Amino acid sequence: MRDDLVPDDLWGRVAPLLPPALERRHRYLGRLRVPDRTVLAGVLYVLRTGVAWRDVPAETVGCSGVTAWRRLRDWTEAGVWPRLHAALLAELRRAELLDLDDCAVDGSHVRALKRGDHVGPSPVDRARPGSKHHLIVDRYGTPLAVTLTGGNRHDITQLLPLPDAIPPIWGLRGRPRSKPRRMYADRGYDFDTYRRLLWKRGVKPVIARRGLPHGSGLGKVRWVVERAFAWLHQFKRLRIRYERRADLHQGLLELVCSLICLRRLRMHAG
């Protein structure tokens, strides 16, 4: 296994969240189970390089791509990645590295090479099949929640689900935080109905108006969500959607959000 793929600080946070392996009751056990850390290295290898699962070099990573895919499926169905992300967000809040008062939202198109849930004709890619990544970040660009929709879904459809998807963030004494105070968005989210719905939830909408000249100054706050998408799509497997199953692609998105949070913790500690 390549040690650089799963460093100790990552493995120490993931290992307690993984479901226990099933015990075999047969007399002849067959091949030994590949260790979870080695399999996680295979998942991260695919994430970083973008290779197909069948092309994972077992001699380099330590496991086959089929094994990595199956274990990813099991871990995703067990809810490992949302719990990992929530735990890292709590660590960031404890270290005072989160600013939940000001949050920004945006969406990004990706092409989908296979059919499946949350795939639709993309209006920005000649109606080719595609999906959308929707992201909400704090003032520093830390991913708080990510959702997946079809490429034909309007960004406004996720203006309310995104803040709802933020997990309760502990880390400090008192009640956990799970709601921003102000939410920034570009003019694609300019709908008064949704502004009123945000106000009812106690969130102040700061959204650019359509038809007005540029220069509102919102870009000084919103640019962090664009940078967060650049961080997200540094992982080549996410630049194009290859997974037919939407839950697996969502799981990879949540895993990368956790890796971004962990990188912020490393920078603070270093």
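## D155 and its surroundings

D155 touches D106, G107, K132, H134 and Y189, leaving aside residues up to four places away in sequence; contact here means heavy atoms within 4.5 Å. The model is predicted: local features need pLDDT of at least 70, side-chain atom pairs count only at pLDDT 80 or more, and totals for chains, interfaces and linings use all residues. Residues are numbered from 1 along each chain as its sequence is written, and side-chain values use heavy atoms, with hydrogens and water left out.

D155 sits in the loop between β4 (143–150) and α6 (161–165). Helices (H or I, at least four residues) and strands (E, at least two) are DSSP runs, numbered from the N terminus. With a relative accessible area of 14%, D155 is buried; buried means under 20%, exposed over 50% and partly exposed in between, using a 1.4 Å probe and protein chains only. The side chains of D155 and K132 are joined by a polar contact of 2.7 Å. Such a contact is a pair of N or O atoms within 3.5 Å; within protein, one must be able to donate a hydrogen and the other to accept it, and residues adjacent in sequence count only if both atoms are side-chain atoms.

## Strand β3 and its partners

Strand β3 (residues 129–137) has eight of its nine residues buried, so the strand is largely enclosed by the rest of the structure. Two strands pair if DSSP finds at least two bridges between them. Strand β1 (residues 102–112) runs antiparallel to β3 and is joined to it by eight bridges. In this pairing, V110 stands opposite S131 of β3.

Strand β2 (residues 120–121) pairs with β3 over two bridges, also in the antiparallel sense; P121 has P129 as its bridge partner in β3. Seven bridges link β3 and β4, again antiparallel, and V137 has P143 of β4 as its bridge partner. β3 and β4 form a hairpin with five residues between them, and G141 in the turn has a positive phi of about 90°.

## D8 in helix α1

D8 belongs to helix α1 (residues 8–14). Is D8 buried or exposed? At 60% relative accessibility, D8 counts as exposed. The side chain of D8 makes a polar contact of 2.7 Å with the side chain of R37. D8 and L47 lie 39 residues apart in sequence, and their C-alpha atoms are 19 Å apart in space.
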